[in-house]
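I opened my notebook to look at how two chains sit together. Here is the model I had on screen.

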Protein chains: 2
Amino acid sequence: MSTLTPIDLTKQLQWRYATKVFDQSKKIPAQTWTAIEQSLILTPSSFGLQPWKFVVVTNDAVKAKLRAASWNQSQVTDCSHHVVLTAKRELNSNDITRLIASTAQQRGITVESLAAYQGMMSGFQSKGYMTTEWAAKQCYIALGQLMAVCAVLGVDACPMEGFDPVQVDEILGLRAEGYSTAVCCSLGYRAASDKYAHLAKVRYSNGEVVRHV
Amino acid sequence: MSTLTPIDLTKQLQWRYATKVFDQSKKIPAQTWTAIEQSLILTPSSFGLQPWKFVVVTNDAVKAKLRAASWNQSQVTDCSHHVVLTAKRELNSNDITRLIASTAQQRGITVESLAAYQGMMSGFQSKGYMTTEWAAKQCYIALGQLMAVCAVLGVDACPMEGFDPVQVDEILGLRAEGYSTAVCCSLGYRAASDKYAHLAKVRYSNGEVVRHV
């Protein structure tokens, strides 16, 4: 096991904040980026369906377009990597068949041995639960894991719901691929000038947020 | 900084899996639990609104009731701590006023100095964006952070969408408090008998899930 101590973990979660000013000159090193990208791919999802695609934007021209579609927030252009978390718009029996085939292949077992698993997913899908909104929720799991992972690696992040999803979809050509933007996150390193880094973190108290039963 | 190396982080994310059989005799130690609970409280949320309450269930009788409402999944009773992530059903101007007051108090500044922040939230709220579904999405950020945090601490987790939300709300008396269940997660330690621990993790390839722009 290669774990972090509880105290060190809490320190890192206290260290993080929604970064408002990124240092444009600092880029995420390759090995760190590989771990972050791997964490996106490894994000748990309901049934393991992975109803998402992650668009990683480092191209300056595309970043500029996305900034214009994101309330002109400077984080989009000044960060190292801007991640757009996109949800599959429609989930049907093909998605289930694809996952079953992938599972059989990766585990070296037969498709037939996964019939119960497939049936469970099909039941859920045919009841209309696998909506775009449901896929978007899975993207929020990825966002949560992404921000925690960045904190643990010492990378700064700014999650973002403030953008025009139709424009972002258009800039990245997402609709044609069957996806739409759920949420975004700029990643990189805080600028020394970011005054938000020094503000007290605001949270409700344990007693207000947690109930023990 | 008390970070984890990229390689160790990836190891821990590979180590985790949706635990199907928990070892009933193993409980999460107090110091570790404190860090996990703190990570729930520290979860980032849109505007910092924290539209949630986390119910931590360790009581055996309540766990048994929740198991019955959760497709009889043994994880609910056999885990150390079962966490129910609940979303605030209605978000109105009181929630905004409350956050502004808390921010002013925790940062030692005036409520008046936060007028622009308050105005931005009020605009968003009055346009009807702060729905129960939106609050539920914020709970999925907490779920993502929770699972990543557990992986990094070496604690096992089983996320769960398979439950009857109305029954869970009723068992925990959530509706009366203005909340409803978004998603659940059982936490503890895997049993040696859990064959799922040894299966290959199934994920689509980098090329299928990540696009670089």
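**Ground rules.** I noted that this is a predicted model, in which local features need pLDDT of at least 70, side-chain atom pairs count only at pLDDT 80 or more, and totals for chains, interfaces and linings use all residues. Residues are numbered from 1 along each chain as its sequence is written, while chains are lettered from A and ligands numbered from 1 in the order in which they are written.

Entry 1: The same surface serves both copies, as 100% of the contact residues of chain B recur in chain A.

**Entry 2: the interface.** How many residues of chain B are in contact with chain A? I found 67 of chain B in contact with 67 of chain A, where contact means that C-beta atoms, placed from the backbone, lie within 7 Å. Helix α7(B) gives the largest share of chain B's side, 14 residues. Helices (H or I, at least four residues) and strands (E, at least two) are DSSP runs, numbered from the N terminus.

**Entry 3: A:P6.** This residue is in helix α1 (residues 6–15) of chain A. Is A:P6 buried or exposed? A:P6 counts as buried because there are 22 C-beta neighbours inside 10 Å. The terms are: buried with 20 or more other C-beta atoms within 10 Å, exposed with 12 or fewer, partly exposed in between, with C-beta atoms placed from the backbone. Leaving out residues up to four places away in sequence, A:P6 touches B:Q31, B:T32, B:T34, B:A35 and B:L153.

Entry 4: I listed the buried residues of α1(B) as B:P6, B:L9, B:Q12 and B:L13. They fall within an arc of 125° seen down the axis, so they line one face of the helix; the arc uses directions from the helix axis to the C-beta atoms. On the other side, B:I7 and B:Q14 are exposed. The buried residues of α1(B) pack against α2 (30–42) and α7 (132–153) of chain A, together with α7 of chain B.

Terms used. Two residues are in contact if their C-beta atoms, placed from the backbone, lie within 7 Å.
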